Amino acid sequence: MSTSIIIISSLVYLLLLFLIAYLVDAYPKKGKKLVDNPYTYALSLAVYCTAWTFYGSVGKAASPGGITFLCTYIGPVLIAPLWIFILKKIIRISKSQGLTSIADFISSRYGKSTRLGVVVTLVSFFGIVPYISIQLKAVSSSFGILTNEGKEWNEALNNASFYDENAFIIAVILTIFTIFFGTRKLDPNERHGGLVAAIAFESIWKLFAFLAIGIFVTYGIYNGFGDLFSKAYAHPEISSIFSFKESEVDSWTWTWLIILSMTAILFLPRQFHVAVVENKDANYVDKAAWLFPLYLLLINIFVVPIACGGLLQFPGGEVEADNFVLSLPLYYGKDILALIVYLGGLSAATSMVVVAIIALSIMISNNLVIPLLIRTGIVQEQSSGDLSSRLITIRRISIIVIMLVAYIYFKAVGAGFSLVSIGLISFAAIAQFMPVMLGALYWKEATEKGAMAGLLTGAFIWVVTLAIPTMAEVGLLSENIITEGYFGFSVLKPYALFGMESSDHIAHAAFWSLLLNTGMFIGVSLNTVPKQIEITQANLFVDIKKYTKKGSEYELVKREAQYRDIENLLHRFLGKKTAQKILTTYAKSENINLEKLKTANAQLVNLAESHLAGAIGTASAKFLLASVVKEDPISLEEMLSILDETHEVIQYSKALEKKSEELLSTTQQLKAANEQLKNFDRLKADFITTVTHELRTPITSIKALSKILSDNKDLDTDKRTEFLNIIVSESERIARLINQVLDLEKVQSGRTKSDFKVLDFNQLTQLAFKSLKALFKEKNIECITAFPSTELLVEGNADRLTQVVVNLLSNAIKFCDPEEGKVKISLQAESPNLIVLKVSDNGAGIPLEKQQLIFEQFTQLNSQRTGKPAGSGLGLYISQKILKQHRGKISVQSKKNQGATFIASLPLYHK
Amino acid sequence: MSDKPTKVLLVDDEPNILVAIEFLMVQNGFLVEMAFDGVEAIEKAKAFLPDIIVLDVMMPEMDGYEVANHLRQDQAFVNTKIIFLTARGTETDRMNGYGKGAEIYLTKPFDNNQLVSVVQELATYG
């Protein structure tokens with residue numbers, strides 16, 4: 001086929017594209033009908049099928065393990081039903097925030113972060129540029145095949161200068177095409193109806209071309225699928241290629257390749273662009289979710305038949321399998337068909353290149369160049385004037401630069417790689433967006449730092465496991481890296497990181513990069529505190545449904561700006577025409593007179609921001625607005641200080657609460673103390689009353705009897721003696737009482753501690769018992785004693801302790817059975833630290849309710865003998881006090897009519 | 001003063017005080033009976049039917065006021081005179097005593113002559 005025919009038909013084809021795009025833009029009403037529908041939308045998604053699909057699938061299918069070519073399509077088909085949730089959510093978020101690229105999307109979600117936008121842009125750039133360059137290779141080589149008919153294939157392929165020339169021309173044409181449709185005007189929404197129409201047309205064309213060659217091979221050369229496959233299976237070499245069992249592909253590789261293609265279909269910049277940015281209505285997704293898989297199915301039906309046909313036709317491998325689609329029709333002399341197929345390949349390549357470059361150029365200008373210009377102040381310096389044309393220039397330069405780099409890459413390494421491998425390396429780069437994208441959509445706790453850490457880690461692993469070894473393979477770097485590992489460490493082999501062997505380099509790289517990426521993303525997110533703006537954006541993204549319903553009331557902070565400032569910004573960055581259109585539309589919908597408007601409310605500020613974001617990126621839009629908007633969104637510091645204040649208030653109220661609790665408890669304590677004082681007062685009064693009563697009683701008899709004695713001098717001796725004895729005994733009683741009161745005073749003031757000495761309590765008790773022995777005998781009381789043979793040392797005052805023992809013994813005498821008195825005394829060391837003295841009587845016992853009472857002052861029970869109290873009522877009270885001073889205790893055990901046992905315990909003294 | 005000797009019941013839980021009062025009463029020609037607590041006092045009073053009771057206030061189990069209360073409810077003791085003898089000497093105690101139906105309220109330690117004359121007066125004039 002002559003070169004001129006091919007060149008002319010190529011140019012005609014490209015002109016047709018120009019025409020379609022131009023007409024759609026020129027007649028927006030009719031154009032809209034054509035573009036704004038789910039079918040065009042689904043077709044535009046087919047930009048996914050590149051020259052790689054067109055040539056590479058057959059090439060891959062015809063090589064060992066070739067069946068893996070399907071992974072690239074299985075992934076998207078599997079994920080398509082989920083688009084209804086994921087893709088629609090992404091679209092809604094992007095529309096509400098004016099996001100125009102995946103870099104902007106990620107940057108916006110993580111606090112409108114400029115640096116995150118930069119990273120995403122760079123990853124995209126380095127991931128996609130090789131992919132673009134490989135399209136150039138595909139087109140130029142297909143061009144070469146057609147024009148070199150009759151020459152040896154290899155010769156054609158090796159004709160390097162010819163190659164370059166072709167590729168360069170194609171690159172230039174595509175650049176012009178891209179600039180023409182991508183940057184004709186600066187649309188804040190980045191929607192290019194003409195371009196979409198052209199892309200959709202290209203999708204139809206490439207499908208048509210591929211079906212044509214498929215039908216030709218299957219039904220033209222052979223007699224249908226049956227005939228073709230039976231012939232292919234007759235060849236053991238061919239059948240082995242398509243057999244799953246004998247293929248070299250394991251499920252591990254399948255899994256990872258499918259995962260990669262799942263992420264690629266959503267997050268490849270060009271896919272994001274057509275699926276999200278160019279989308280008119282999120283509901284198109286519902287239809288596209290089944291239309292697009294259908295398209296993939298159709299375009300793949302004939303991949304295997306063509307591969308079989310090619311292998312049958314050119315068994316020796318003299319024809320590169322990537323080129324079967326062209327060489328088969330040429331071989332059979334079907335030049336027109338070959339031309340159609342060639343144009344199909346051209347359409348696949350051009351659509352991919354154009355959209356990818358537009359998507360990349362948006363990222364580069366909005367996330368790299370403009371932030372840089374704004375930060376350095378270059379934009380602000382020219383404070384007046386329309387900047388929109390300048391922005392377009394930036395965009396155009398970006399496009400040229402991308403194409404130039406792609407061309408250089410093509411010249412440097414591109415020739416050494418197959419379509420499929422470069423495509424998959426791109427996929428692996430783009431897959432690094434998956435964790436942060438899913439986090440952006442569904443995980444509010446994800447932070448900018450986490451996203452940054454995850455992305456950088458993933459990108460780094462991608463570089464070391466794919467990019468660098470790829471360069472080594474083509475000879476740009478030493479092969480040693482692959483065979484020996486980085487720096488000679490075998491654990492750092494790029495294709496077997498940490499000793500993990502994998503049958504497939506891509507799967508290996510995907511595994512490590514995604515694992516570490518996700519790990520870092522989650523780990524760092526959980527350990528960092530998001531800024532206020534990150535929290536706001538996280539809510540807007542994750543809960544997009546909530547906010548789209550409510551309109552724009554979501555802003556956490558009221559924002560206000562001078563209307564003039566807003567107007568100015570829009571004029572400068574969008575151009576007067578676009579800006580005025582936006583503002584009048586707004587004014588109409590809100591019923592506002594713009595002439596009189598002085599302040600722009602939050603709604604207008606948000607509107608302006610979303611339009612500016614479309615033109616210059618979210619981060620830059622936020623930055624620019626911050627200079628004119630009165631109230632910036634609350635900074636983290638402010639937020640924290642508010643939280644601090646709240647915290648302080650809470651603390652303060654807690655302190656108050658505590659104070660009032662303390663007050664309450666103090667009041668209660670005071671009340672209790674007062675009550676105690678009153679009690680003491682009452683006790684004191686009682687004490688005085690009791691003491692006076694106790695004193696008056698003996699004095700009464702003494703006084704009366706002495707008076708009788710003095711009045712009756714002639715009283716007989718018996719009476720006189722009786723009366724005198726009574727007087728003596730009553731006087732003694734008074735003396736005793738006075739002594740006890742004094743004892744009590746001493747005990748209560750605790751004055752006795754200083755005279756503590758180490759003494760033998762055993763001896764002391766026995767002495768006390770001896771002194772009372774006569775009394776026991778006199779009252780005819782039976783005594784059972786149990787004293788230990790050893791000494792029992794205590795530290796204390798001998799007199800006081802004797803007083804206790806005597807008190808207990810005399811109580812026993814007083815209260816034991818009057819007829820058959822029986823008293824038990826036992827003393828022993830009950831533990832290495834405790835001496836216990838038990839004194840039991842067999843009297844009436846002490847009722848339970850009185851057992852506590854008897855240890856208080858002036859309470860006493862009636863003596864068994866006389867039926868009346870036989871003491872001052874101070875004995876046990878004093879004993880208890882004394883024992884307390886000696887760190888001892890006294891208690892009583894008693895049952896009615898079964899006597900009482902008083903138990904005194906003292907700590908044993910140790911040297 | 002009638003021919004019959006005046007019967008006096010002495011109640012106190014302190015035997016030594018009883019000894020003194022008994023001596024004084026007997027010396028002045030009264031017929032004396034003694035009780036050591038409230039319960040015994042009521043028993044003795046019912047049997048002895050005294051004209052005058054000298055009643056200690058502070059006694060265990062049943063105090064003097066209770067005894068007086070109990071006796072006042074009995075028709076047999078409508079004319080019986082009660083002299084409270086107490087070691088409680090405050091004005092409140094005194095008023096308390098009169099409120100309980102005492103004819104005379106004497107504090108311990110009492111004056112021998114005063115006690116005797118009070119009893120004699122009560123015996124004579126009622």
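In what order do the five strands of the open sheet in chain B run? I started my notebook with that. The model I looked at is predicted.

**Entry 1: the sheet.** I read the strand order as 2-1-3-4-5, with parallel pairing, in chain B. I then looked for the edges. Strand 2 (31–35) and strand 5 (104–107) of chain B are the edge strands, and each pairs on one side only. From one strand to the next, I found a twist that averages 20°. I noted a general point here: strands of a sheet pair through backbone hydrogen bonds, parallel or antiparallel.

**Entry 2: one strand pair.** I picked strand 3 (residues 52–56) and strand 4 (residues 81–86) of chain B. They run parallel, and five bridges join them. I also looked up what faces B:V54. In strand 4 of chain B, B:I83 stands opposite B:V54.

**Entry 3: chain B as a whole.** I counted five helices and five strands in chain B. From the N terminus on, I read β-α-β-α-β-α-β-α-β-α. Chain B has 126 residues, and 45% of them count as buried. I checked contacts in chain B with a separation of 6 or more: residues 24 or more positions apart account for 60% of them.

**Entry 4: where the chains touch.** How many residues of chain A are in contact with chain B? I found 17, and they meet 19 residues of chain B. On the chain A side, helix 33 (636–711) and helix 34 (717–749) each give two or more residues. Helix 33 of chain A gives the most, with eleven residues. By class, I listed six nonpolar, six polar and five charged residues on the side of chain A that touches chain B.

Definitions and conventions. Residues numbered from 1 in each chain as written. Chains lettered and ligands numbered in written order. Predicted model: local features only at pLDDT ≥ 70, side-chain atom pairs only at ≥ 80, totals over all residues. Contact = placed C-beta atoms within 7 Å. Helix = DSSP H or I, 4+ residues; strand = E, 2+ residues; numbered from the N terminus. Nonpolar A, V, L, I, M, F, W, Y, C, P; charged D, E, K, R; others polar. Buried ≥ 20, exposed ≤ 12 C-beta atoms within 10 Å, placed from the backbone. Pairing = 2+ DSSP bridges. Axes fitted to C-alpha atoms, helices over the stretch in contact; angles between N-to-C directions.
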